[in-house]
Structures are given as structure tokens and as C-alpha cells.
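Welcome! Open the structure in your viewer and follow along, one selection at a time.

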Amino acid sequence: MYTAISAKLINIAAAVTAGTVLLFGAGNGVAHAANRAANQIVARISLSQQTMEVLVDGRPTFAWKVSTGGKGHVTPTGSFKPTRMHQMWYSRKYDSAPMPHSVFFKGGYAVHATNFVKRLGQPASHGCVRLHPDNAADFYQLVEIFGPANTRIVIIK
């Protein structure tokens with residue numbers, strides 16, 4: 001299944017790139033800069049609905065359940081760019097808890113996979129945005145393909 005997802009993500013990236021090349025041409029550095037600028041992904045996370053919608057060049061592409069900050073823990077709101085990525089990270093703050101496919105966006109806050117999939121759709125984390133492992137891998141790969149500079153993580157109440 002991961003191979004199929006990977007192929008799907010590659011096809012999405014190829015389609016977006018091809019469409020942009022048709023619009024801007026492929027001849028000079030300015031066109032290449034416009035091409036990169038047009039390829040954007042936005043992860044829109046709703047704390048009230050516990051969902052994450054991923055838009056590719058403004059088109060809704062994925063919608064997933066998430067878990068954000070549970071009782072006594074806050075998930076920051078605002079618009080962020082990824083600051084770093086780790087295929088596997090272990091929390092320095094919470095007993096080396098595994099955080100697969102981490103896309104950090106503010107200090108120690110990240111979008112990452114969780115094994116507590118039964119809690120998705122309700123607040124349950126220490127402030128991070130938790131995703132199903134398959135969805136976290138897809139999101140991580142999208143950020144790799146489009147680049148952190150072309151990615152925005154928007155968290156709303």
C-alpha cells in the first residue's frame with residue numbers, strides 16, 4: 001500500500017509541476033522560480049473539528065482526522081513553515097516517546113504519526129498534531145517533494 005501511496009504523491013507532484021510549466025514555461029531562471037513558487041501545499045488543521053485538510057496549489061487533496069492538545073496541553077494556533085523534519089524522532093520532553101515522520105513547525109511542536117489511532121478525532125496529545133501513521137508518512141513525503149519553503153501549516157481554532 002505504501003508504494004501505491006508513494007506513486008500517488010509522485011503523480012500529484014508531477015501533475016502540479018507539469019501544469020505550472022505549461023503556465024510559466026520552462027526556459028529561464030525566472031520561469032523556474034515561478035514554477036517553484038506556484039507549487040504550494042497548505043496543511044489546514046482545525047482544533048475544533050480535529051481534522052487536517054491538505055491543499056495542493058489550493059485544491060483539497062487529503063482530509064484526515066488528527067489529535068491535538070488534550071486537557072491541560074495547548075496546540076499553538078497560527079501560520080507556520082516547517083522548521084525541520086525527521087523520519088524518526090524521539091521526544092526529549094516525554095520519555096523518548098516515538099514521533100515517526102515528524103514535521104516540526106514551532107519549537108518542539110510537530111505534525112507526526114501516532115500509534116494511538118483510536119484517539120484520532122479527539123484532543124489527546126501534549127500539543128503536537130498527531131496523524132495516523134499512513135497519513136503522517138504521506139504528509140512527510142509531500143513536504144519532502146514540495147519542500148519546507150513551499151509548505152504552510154495553518155492551525156485554527
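In what order do the five strands of the open sheet lie? The order is β3-β2-β1-β9-β4, with mixed pairing. Strands here are DSSP runs (E, at least two residues; helices are H or I, at least four), numbered from the N terminus. Two strands pair if DSSP finds at least two bridges between them. This is a predicted model, in which local features need pLDDT of at least 70, side-chain atom pairs count only at pLDDT 80 or more, and totals for chains, interfaces and linings use all residues. Residues are numbered from 1 along each chain as its sequence is written, and side-chain values use heavy atoms, leaving out hydrogens and water.

Now select the edge strands, β3 (59-65) and β4 (78-80), each of which pairs on one side only. Beside β3, pick β2 (residues 51-56): the two run antiparallel, joined over six bridges. Zoom in on Thr51, and you will find Lys65 of β3 opposite.

Next, select helix α3, residues 133-146. With 10 of its 14 residues buried, α3 is largely enclosed by the rest of the structure. Buried means under 20% relative accessible area, with exposed over 50% and partly exposed in between (1.4 Å probe, protein chains only). Among the buried residues are Phe139, Tyr140 and Phe146.

For a last stop, select β5 (84-90), β6 (98-106) and β7 (109-113), which each supply at least two residues of the lining of the largest pocket. β6 gives the largest share, four residues.

Notes:
The expected span of a helix is 1.5 Å times one less than its number of residues.
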